[in-house]
Every structure is written in C-alpha cells, then in structure tokens.
Amino acid sequence: MNNFILSENEKKRQSMPFSRLICFAMFTFWQMGFIYFMGPSLTIDGRTPLPVSMDNITVLIAISYVLSIICMSFIPRKVVIFERLLCALSLVTALAFFLPLPDDIMRIVIYSHVFFCCFMIGFETFIMVNFLKEESVILHLTLAYGVALVLISIVQNDFIPISFPLFRFATVVAVGMLLYFCMKLPSAIDNYPRYVRKSDNFTPPRKLISGVVIFSFISALMAVSGPSISGEIKNGVFVTYLVDALVSLLVYMLYKKKDIHPFRSIPICIALGAFGFLLMYTSTLLPALKYVACALIGCGMMPCQLIPLVSLMLMKVYPSRWISPSIIGLALVAVLVQSSMVEFFRNMPNMLFLAYSVIMVAFILIYLQLEPLLMFAFRKRIEDSDCSSAEIIGAEPISEAEQLVSEASETAEADGKPENPLMRLSRREMDVVNLICYGYSNNDIAKMLFISEHTVKDHNKNIYKKLDVHSRFELTALVNRIRENEDK
C-alpha cells in the first residue's frame, strides 16, 4: 500500500465549521423538500405548490443523474467549478419565480431549476469523499442533516399549508446559502486528491469495495422506498422525515458524548426499519400501527445518510476517481428497482412491505460483516505526512499493525495490563493481519507481499491459532478492540 499517496491526500482534507456545513446541508433541503415533491410521478400525489401544471419530470431527473455521473467520472477536477456555476444558475431561476412570467416561460424556468438541482446530485457526495475530514463529514451527515431533515418534514406536512410565495422564498434562501458554501470550496487542481493510477501499483480491496457497493445500493433503496410508502398515509412523510431527523441528532450525541461511532448505530437503525416495514404489513389489520410504522421506517432511512462516510473510508484505502460516480449510479439503479417493485406488487401492497422487511434483515447480516473493515479504515493511522526515505526508495516500512503492537504493548506495560495478543505474531504475520483488516483477499495479499498464496494461507492458520480466532471477521474485530482500548 503506497502510504505516500494516502498521506498526501489526507493532508489536503479540510475541517469545516458547523455554520458552513449548515449551508451545505441546504442542498438536501432544497432537493428532498421541493424538487422530489414537485409532481405525482416522484411521490404519491405531488406536494409542492406550483403556479403552472407540470408533466412527468422523471425523465429529466434521470438525465440529470447520468450527466452528473459523466462529469464526476471524466472531468472530476472541474466538479467545484460546475458546482458553483450550476448553483448560480439555480439561484437565477429561483429569483425568476418572483417575476410575472407567462405560463410557458415559467414552466421552462421550473424545468431548468429541477435540471440544475439534480445535475448537482452527485456533487454533494463527491465533495465529502474528496475534500472533507471524517469529523466534518460526521458532523454534516448527523447534526447538519438533522436540521435539514426537520425543514423537509415541515415542508412535507399536511396541516401547515405551504404557498408558492413561501416556496420560492425558501428556495432562494436555500440556494443562496449553498452558493456561499460552494464559493468557499477550493477549486485549484492542487486541492483535489491524487487518484490511483495503474503505475501506482495499488491493489483494490475487493471485499471492502463489494461491501460498500451493497451497502450503498440497499441504503439508497430504503431511502427511496421509505417516503414513497409512508406517503400513502396522511402526515406519514412528515412523521418519517421528522423521526429521521431526531435519529440523526441522537446518533451525533452518542458519538460526541459516549464515543459511539455512527457505524455502530447502523445495525440498530436497519433493524428498526425492518420492523417498520413489518408493522406496515400488519397495519391493514391494525390501522393504529401505521404511524408507528412510519416512525420506524424513518429510523431505517438513517443509514442512507452515511453512504458518503462509508465511501470516504474506501477512498482512504483506495483513492479511486470512480467512487463518487459509482455511488450515484447505484442510487439511480435503486430508483429504478423501487419503481419496478412498486409496479410488480401494485395489486399486492402487503407483499411489497414484506419484501422490504426481508431485504432489511439481509442488510443487517451483510453490514455486520462490513462494519469491522469500516472501523479499521476509520481508526487507521496515516503515518507522518513527511514520508520517510525508506518509503521513497522503496524499502519496506514498518507495518501499521506492528506499530500498533509496539504502542499498545508500551501502554500495557505502563498500566500493568495483560499482554497484547498481537505480540505473539511475527512481523510478517502482522503485515498479513494489517492487509486482512483492510479487506484484501489471500491472492491480493500474496501479490502485495511478494509471497505465494499458499504461504499466505499458512500465515492465516498461524495467526488464527495464536490469536484464538476463527475468521477474518473475528480477527478484524479483535484488532479494532485493541485500537479502541488504546484510544481510551
């Protein structure tokens, strides 16, 4: 693993104050509060009051998604420039809402406004994955998002009327705040991370990649299906988004006050979401359960917000330019799958709820295998930003696992704690442990350490025996526990 590139990228990441992250979160309010609720094709009945009738805009949104993916894939170092331009154009079209325009012109303005917003759909993830430090991303996806979700829930209520004058005023304020955030972003080429190239000889951690892909797809599917299903109930969308906001704030408080990482909260949120879909299934017999079901589904939507954080963990291990566009591509696929499932179960809505319950249960089992890898990537220590001469000339540096053992053993000796179990391993075995915790396969480890795959398997057997573990999952969990104890 080329720590020089990872260290260089880490130095470029920025910490942002909460006030600026609130401006960034206005994109979510703008998108989910208004854009996705402009027409019946996107929700149950279309809730945003408009002065003109709108045809189906789903195709326009899909085209915008595709263009966003293309932009991030092939001209990633122009994303900030595009973000500023599109945000400025969005502000212009929002201000045009105040003009007494003919219906045909107003319709064009609204279509353009929707297009600009959805074109930027992938840029939000791109900015977090490429520019922000983990702490800022967590603050944004929990506390700042919580504020945005409260605003979304207010917009989507059924008891406080939202008039078009109020809609356009809120839109101008939200887009103006987002433009301020965009203008503060660095746009110089040097501020972008260095992406992996073939000449860098990076080996992709396939297990981590596949886990992130599955997590992103199912999370996006739940985020799309949740409001759609709760929208069948009066005030259901309001309840769903409000609970999602409260859960987001709770996750942040647990992280700051109890040092419980947001990744630890994901299985609970998924389980509550699964129970919510199950209650929706039984609500046909007990209608009183519908609002409880909507609240639990709101809990199940929380993991979708953490997709950028999960993607950031992958970026810290394998800095690929394809991470952000792939995530948005999966979101688009999730929209298509949701539409297909709704059509397939149109005459059997209860079966749709049951299907989502089963998907969520499977999601828990999948995520529990991914979580140790994410926690290892989150806690991993980038070596000093000034790389040693040994790294530059290609000499083998001290492995991260070995450094961990040395530090932990010194702490244990000072505190009189029991021997660190990793001290039983040889240096080469600790190198293997390090790569296993990143999600590399035996074949990948063999290539990276210039040994045979058979030798790697022998190392695995010795490691499992010495540490009394029986799987990669247990091994990674053990290393994470050592790190957690060291941090306390």
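Student: Which residues in H9 meet residues in H11, and which residues in H11 do they meet?

Tutor: This is a predicted model. Helix H9 covers residues 206-230 and helix H11 covers residues 262-282. From H9, the residues in the contact are Phe215, Met222, Ser225 and Ile229. Their partners in H11 are Ile266, Phe277 and Met280.

Student: At what angle do H9 and H11 pack, and is the crossing left-handed or right-handed?

Tutor: The axes of H9 and H11 are 12 Å apart, and the packing angle is about 40°. That makes H9 oblique to H11. The crossing of H9 and H11 is left-handed.

Student: Helix H3 and helix H5 also pack together. What are their angle and axis separation, and which hand has the crossing?

Tutor: H3 spans residues 58-74 and H5 spans residues 103-119. They pack at about 40°, with axes 8 Å apart. H3 passes H5 in a crossing that is right-handed.

Student: What is the make-up by class of the contact of H3 with H5?

Tutor: On the H3 side, the contact is made by Leu60, Ile61, Ser64, Tyr65, Leu67, Ser68 and Cys71. On the H5 side, it is made by Tyr111, Val114, Phe115, Cys118 and Phe119. By class, the contact comes to 10 nonpolar, two polar and no charged residues.

Student: Is H7 roughly parallel or roughly antiparallel to H10?

Tutor: Helix H7, residues 134-155, packs against H10 at an angle of about 155°, and their axes are 8 Å apart. An angle over 145 degrees counts as roughly antiparallel. H7 is therefore, relative to H10, roughly antiparallel.

Student: How many charged residues has the contact of H7 with H10?

Tutor: The crossing in which H7 passes H10 is left-handed. Among the residues making the contact are Glu135 of H7, and Asp244 and Lys256 of H10. By class there are 15 nonpolar and four polar residues, and the charged residues number three.

Student: Is glycine 273 buried or exposed, and with which residues is it in contact beyond its neighbours within four places in sequence?

Tutor: Glycine 273 is found in helix H11. Its relative accessibility is 0%, so glycine 273 counts as buried. The C-alpha atoms of glycine 273 and isoleucine 297 are 4.5 Å apart, although the two residues are 24 apart in sequence. Beyond its neighbours within four places, glycine 273 is in contact with Leu296, Ile297, Gly300 and Met360.

Student: Which residues are in contact with phenylalanine 363, leaving aside its neighbours within four places in sequence?

Tutor: Phenylalanine 363 lies in helix H15, residues 349-379. With a relative accessible area of 1%, phenylalanine 363 is buried. Alanine 274 is 89 residues from phenylalanine 363 in sequence and 9.4 Å from it in space, C-alpha to C-alpha. The residues in contact with phenylalanine 363 are Phe215, Ile218, Ser219 and Ile270.

Student: Where is asparagine 201, and is it buried or exposed?

Tutor: Most residues other than glycine have a negative phi. Asparagine 201 has a positive phi, near 55°. The place of asparagine 201 is the loop between helix H8 (164-184) and H9. Its relative accessible area is 67%, so asparagine 201 is exposed.

Student: What is the phi of aspartate 259, and what is its relative accessibility?

Tutor: Aspartate 259 is in the loop between helix H10 (236-258) and H11. Its phi is positive, about 60°, although aspartate 259 is not a glycine. Aspartate 259 counts as exposed because its relative accessibility is 56%.

Student: Which residues of helix H18 are buried?

Tutor: Helix H18 covers residues 427-437, and nine of its 11 residues are buried, so H18 is largely enclosed by the rest of the structure. Just after H18, glycine 439 has a positive phi of about 95°. The buried residues of H18 are Glu429, Met430, Asp431, Val432, Val433, Asn434, Leu435, Ile436 and Cys437.

Student: How many helices and strands has the chain, and what percentage of its residues are buried?

Tutor: The secondary structure comes to 21 helices and zero strands. Among contacts between residues at least 6 apart in sequence, 82% join residues at least 24 apart. Of the 488 residues in the chain, the buried share is 56%.

Terms used
Residues numbered from 1 in each chain as written. Predicted model: local features only at pLDDT ≥ 70, side-chain atom pairs only at ≥ 80, totals over all residues. Heavy atoms only, no water. Axes fitted to C-alpha atoms, helices over the stretch in contact; angles between N-to-C directions. Helix = DSSP H or I, 4+ residues; strand = E, 2+ residues; numbered from the N terminus. Parallel < 35°, antiparallel > 145°, perpendicular 65-115°, else oblique. Left-handed = near helix turned anticlockwise from the far one by under 90°. Contact = heavy atoms within 4.5 Å. Buried < 20%, exposed > 50% of the residue type's maximum accessible area, 1.4 Å probe, protein only. Nonpolar A, V, L, I, M, F, W, Y, C, P; charged D, E, K, R; others polar.
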